[in-house]
Amino acid sequence: MKLRVYRYNPDTDIEPRMQAFEVKSWPGMMLREALLEVRKQDESFAFRHSCGEGVCGSDGMNVNGRNRLACITPVAELKEPIDVRPFPGRPVIRDLVVDMTQFYEQYRNVRPYLVRKDPLPEAEVLQSPADREKLDGLYECILCGCCSTSCPSFWWNPEKFHGPAALLQAYRFLADSRDQATDERLDDLEGPYKLFRCHSIMNCVDVCPKGLNPTRAINKIKDLMLSHAI
Amino acid sequence: MSRRASGLRAWALQRATAVYLAGFALYLVIHALTQPPADYAAWQAWVARPWVNLGLLLLVPALLIHVWVGMRDLLIDYVRVTWARVLLLALLAFGLIASGLWAVQALILARMG
């Protein structure tokens, strides 16, 4: 099986290059395993990975032009040679390892936690099963970054536009019956950048390895904002 | 007064004007296919009809607002140098206002015959 892997070390290389590797595949092999085989051949090759089952969100990368999680991408589904590159638009630290600082900053900006104004009860804050259901399709995000780094609006304005991952989480807390900061959250999202750079391109929906729909969540935020404005 | 350009208002106006533009465009296409004006006099008579004239007068600001929001989005996305963005936004605004006034003048003149 043939792979072409993006190699770049900003400290020593003048420019990035694609390096070809040949590895032996086996039935059910995932791309992460193929990359581990590559590393056996060249131990200077760097990529992030951890759980190996699509839960930790560490091994997001661009595979044949599409952002994916290597650990849940069967190599049998990919056209050879398999081109493996880092996430587009992110500064490369080395090879497939990119700097995700801006992505996490945007996540932090949406205050991804419950805000309570009422005094906290003795025990937990209860939620009805119906209200809990409203969080389905929102809470499952693993913050792998596949969506935001495939979003053209995030490419152009990563310092100002929150991006699909952070906005999905913004709606996850707006939709939570236990949260009491709806107005503040909506006020924070006003302006042309943070939320409204989204032009419903829907690359996020296309690539999400968990099958989530950030565009729908973003549209729900806009509707909620409108209903609170008029 | 916020120093930010509008987000929600621009988006809502873009959506609302899109509905009007889509509806009116459909009417224009159907009208052009079924009763195309034979000459200038026929066109003028059609434009002078009160409802058509009102619809066209409303079309002008709807179109201008829609173009403004869409072009503003484009310039915010792609033009990163502040002075260039301000210059292009100013040119766009003047251009749109001029076209709007000119279109309204034409509609009023057609109505007066």
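B:Met71 is found in helix H3 of chain B. In this predicted model, B:Met71 is one of the residues of a nonpolar surface patch that draws on chains A and B.

**Nonpolar surface patch**

- The patch is formed by A:Trp155, A:Trp156, B:Met71, B:Leu74 and B:Tyr78, which together have about 480 Å² of accessible area.
- Helix H4 (152-156) of chain A and helix H3 (50-78) of chain B each supply at least two of its residues, and H3(B) gives the most, with three.
- B:Met71 counts as partly exposed because its relative accessibility is 33%, which lies between the limits of 20% and 50%.

**Nonpolar cores**

- In soluble globular proteins, nonpolar side chains tend to be buried together.
- The largest nonpolar core has 37 residues, and those with the most contacts inside it are A:Leu3, A:Leu31, A:Leu35, A:Met61 and A:Ile82.
- Two or more residues of this core come from each of strand E1 (2-7), helix H1 (31-41), strand E3 (60-63), strand E5 (82-85) and helix H7 (203-207) of chain A; H1(A) gives the most, with four residues.
- Leaving aside neighbours within four places in sequence, A:Met61 is in contact with residues including A:Leu31, A:Leu35, A:Phe47, A:Val84, A:Phe87 and A:Leu96. The contacts of A:Met61 also include A:Arg66, A:Asn67 and A:Arg68.
- A second, separate core of 26 residues includes A:Phe154, A:Leu174, A:Ile218 and A:Met225.

**Surroundings of A:Arg7**

- A:Arg7 lies in strand E1 of chain A and counts as buried, at 5% relative accessibility.
- The side chain of A:Arg7 makes polar contacts with the side chains of A:Asp42 at 2.9 Å and A:Asp95 at 3.1 Å.
- A:Arg7, A:Asp42 and A:Asp95 are linked in a network of salt bridges.
- Residues up to four places away in sequence not being counted, A:Arg7 also touches A:Asp13 and A:Arg17, among others.

**Further salt bridges**

- The count comes to 18 salt bridges over all chains.
- A:Arg17 pairs with A:Asp13 in a salt bridge, with the closest N and O atoms 3.7 Å apart; A:Arg17 is partly exposed at 42% relative accessibility, as is A:Asp13 at 22%.
- A:Arg66 forms a salt bridge with A:Asp206, with a closest N and O separation of 3.2 Å. This pair links distant parts of the chain, 140 residues apart: A:Arg66 is in strand E4 (residues 66-69) and A:Asp206 in helix H7 of chain A.
- A:Asp176 and A:Arg178 form a salt bridge whose closest N and O atoms are 2.8 Å apart. A:Asp176 is buried at 2% relative accessibility, and A:Arg178 counts as buried at 19%.

Note on methods
Residues numbered from 1 in each chain as written. Chains lettered and ligands numbered in written order. Predicted model: local features only at pLDDT ≥ 70, side-chain atom pairs only at ≥ 80, totals over all residues. Heavy atoms only, no water. Core = buried A, V, L, I, M, F, W, Y, C linked by side-chain atoms within 4.5 Å. Buried < 20%, exposed > 50% of the residue type's maximum accessible area, 1.4 Å probe, protein only. Contact = heavy atoms within 4.5 Å. Patch = residues over 30% accessible without salt bridge, like charges linked within 9 Å, V, L, I, M, F, W, Y side chains within 5 Å. Areas by Shrake-Rupley, 256 points an atom, 1.4 Å probe, with all protein chains shown as cover. Salt bridge = Lys/Arg side-chain N within 4 Å of Asp/Glu carboxyl O. Polar contact = N/O pair within 3.5 Å; in protein donor to acceptor, adjacent residues only side chain to side chain.
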